[in-house]
There are 2 protein chains.
Amino acid sequence: MALTFWFEFSSPYSCLTARRIRTAADRAGVAVRWRAFLLGPIFAEAGYEGSPNLMVEAKARHMWRDVARRAHLRSEPFVRPATFPQKSVAAARATLALAEADRPAFVVAAFECVFGEGRDIADPVVMADAARAAGLDVDRVLAGASDPSAKAALFAAVDEAKALRIFGAPTFVCDDGELFWGDDRLDDALEWARSRALAHA
Amino acid sequence: MALTFWFEFSSPYSCLTARRIRTAADRAGVAVRWRAFLLGPIFAEAGYEGSPNLMVEAKARHMWRDVARRAHLRSEPFVRPATFPQKSVAAARATLALAEADRPAFVVAAFECVFGEGRDIADPVVMADAARAAGLDVDRVLAGASDPSAKAALFAAVDEAKALRIFGAPTFVCDDGELFWGDDRLDDALEWARSRALAHA
């Protein structure tokens with residue numbers, strides 16, 4: 001059984017997952033689809049003013065500390081970007097314009113720019129750097145960000161996320177509909193998909 | 001270095017922690033203080049209408065599913081109580097009226113009533129059952145729930161929680177002020193306290 005990894009480029013916990021999901025999924029023998037989406041419209045529909053992690057100062061403070069601690073535990077770099085939340089629309093479109101096989105390298109490279117280096121993914125120079133780091137054609141990736149079919153794909157992704165009752169990121173949705181929210185639940189989601197695959201073998 | 005375990009009887013994740021923190025802390029060699037408090041006044045001050053986990057239907061739905069899955073992974077019973085959120089004031093006062101050494105058994109027994117059996121901790125019969133299961137004098141525990149000094153202690157606990165910038169439960173606060181939120185962070189908090197104790201040995 002496969003699962004879909006729903007992520008948002010402005011979400012630091014999505015970055016933590018992007019960095020490790022390929023290795024973890026390979027170990028579990030679970031195929032992963034990478035799906036960029038936007039939390040903005042979902043938070044707006046839920047009645048939040050912006051991110052629920054930022055509404056309360058104490059919660060926001062803990063989030064940054066928590067992400068930094070987890071990155072440190074995993075020996076990964078973490079920089080709190082000066083621009084936050086980030087405007088992730090262009091990067092999300094560029095991701096959805098890519099073939100599934102090209103997405104992981106680009107997404108991880110983009111997350112490294114944002115949360116490994118503190119840069120702004122809304123800056124085309126940053127997106128170009130991410131594309132280059134991923135070994136992709138820079139012009140093709142940048143063109144994807146304004147491609148009409150990628151715009152439509154992002155609208156569709158947000159609609160699908162709403163229909164799946166996704167309310168945060170990262171979220172993992174197994175093919176049987178089971179939904180797991182948060183980087184903390186990656187292992188549980190993979191185990192769910194792995195064990196159900198066995199049951200149907 | 002010791003840590004304080006802040007819990008709320010209406011919080012299912014606090015129950016998951018209460019069940020395992022004694023064993024985990026013993027293994028880490030970390031002393032734990034058990035501190036009941038109330039999330040209601042903290043959520044109200046944060047501007048939430050009720051629990052942030054319940055404001056959004058999709059998030060509430062995930063919370064119940066997630067808690068049930070985690071309890072299942074740990075081979076623990078879990079029943080979603082008919083009454084939720086629960087009125088936890090009396091149980092919190094009763095806890096604070098107890099000596100530190102008597103709290104863990106009572107708190108775990110009370111959580112088993114709520115999330116192991118789905119009962120209502122605001123019911124004095126349920127609180128009495130929890131006291132009995134903990135091997136405590138039932139009348140003394142029930143008297144603690146309306147004791148003026150316990151009322152004052154609960155007000156003080158909520159004020160202290162606010163001062164510590166606690167925004168949810170369970171929360172673990174190490175003696176150096178480092179704050180960890182959520183059952184998922186219990187091991188990190190214990191490791192923080194354990195390793196700092198070594199550094200100061």
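In the predicted model, the contact between the two chains involves 26 residues of chain A and 26 residues of chain B. The area buried between chain A and chain B amounts to about 2600 Å², with carbon and sulfur atoms giving 49% of it. Of the area that chain A buries against chain B, 23% is supplied by A:K59, A:R165 and A:R185, more than by any other three residues.

Across this interface the rule finds 12 salt bridges, and 16 residue pairs, both members at pLDDT 80 or more, are in polar contact. One of the salt bridges joins the side chains of A:R65 and B:E178, with an N to O distance of 2.7 Å. On the side of chain A that touches chain B, the elements giving two or more residues are α3 (52-55), α4 (57-73), β4 (179-181) and α10 (186-199) of chain A, and the largest share, 10 residues, comes from α4(A).

On chain B, B:R185 is located in the loop between β4 (179-181) and α10 (186-199). Because its relative accessibility is 3%, where the cut-off is under 20%, B:R185 counts as buried. Leaving aside residues up to four places away in sequence, B:R185 touches A:Y13, A:D66, A:R70 and A:D184, together with B:F172 and B:F180.

Helix α1 (residues 12-28) of chain B comprises 17 residues and reaches 24 Å from its first C-alpha to its last, close to the 24 Å expected at 1.5 Å a residue, although α1(B) bends by about 50° at B:R20. Since 13 of the 17 residues of α1(B) are buried, this helix is largely enclosed by the rest of the structure. α1(B) is followed by B:G29, the phi of which is positive, near 70°.

Conventions. Residues are numbered from 1 along each chain as its sequence is written. Chains are lettered from A and ligands numbered from 1 in the order in which they are written. Side-chain values use heavy atoms; hydrogens and water are left out. Helices (H or I, at least four residues) and strands (E, at least two) are DSSP runs, numbered from the N terminus. The expected span of a helix is 1.5 Å times one less than its number of residues. The bend at a residue is the angle between axes fitted to the seven residues ending there and the seven starting there. Buried means under 20% relative accessible area, exposed over 50%, partly exposed in between (1.4 Å probe, protein chains only). Contact means heavy atoms within 4.5 Å. Buried area is the accessible area (1.4 Å probe) that two parts lose on being put together, summed over both. A salt bridge is a side-chain nitrogen of Lys or Arg within 4 Å of a carboxyl oxygen of Asp or Glu. A polar contact is a pair of N or O atoms within 3.5 Å; within protein, one must be able to donate a hydrogen and the other to accept it, and residues adjacent in sequence count only if both atoms are side-chain atoms.
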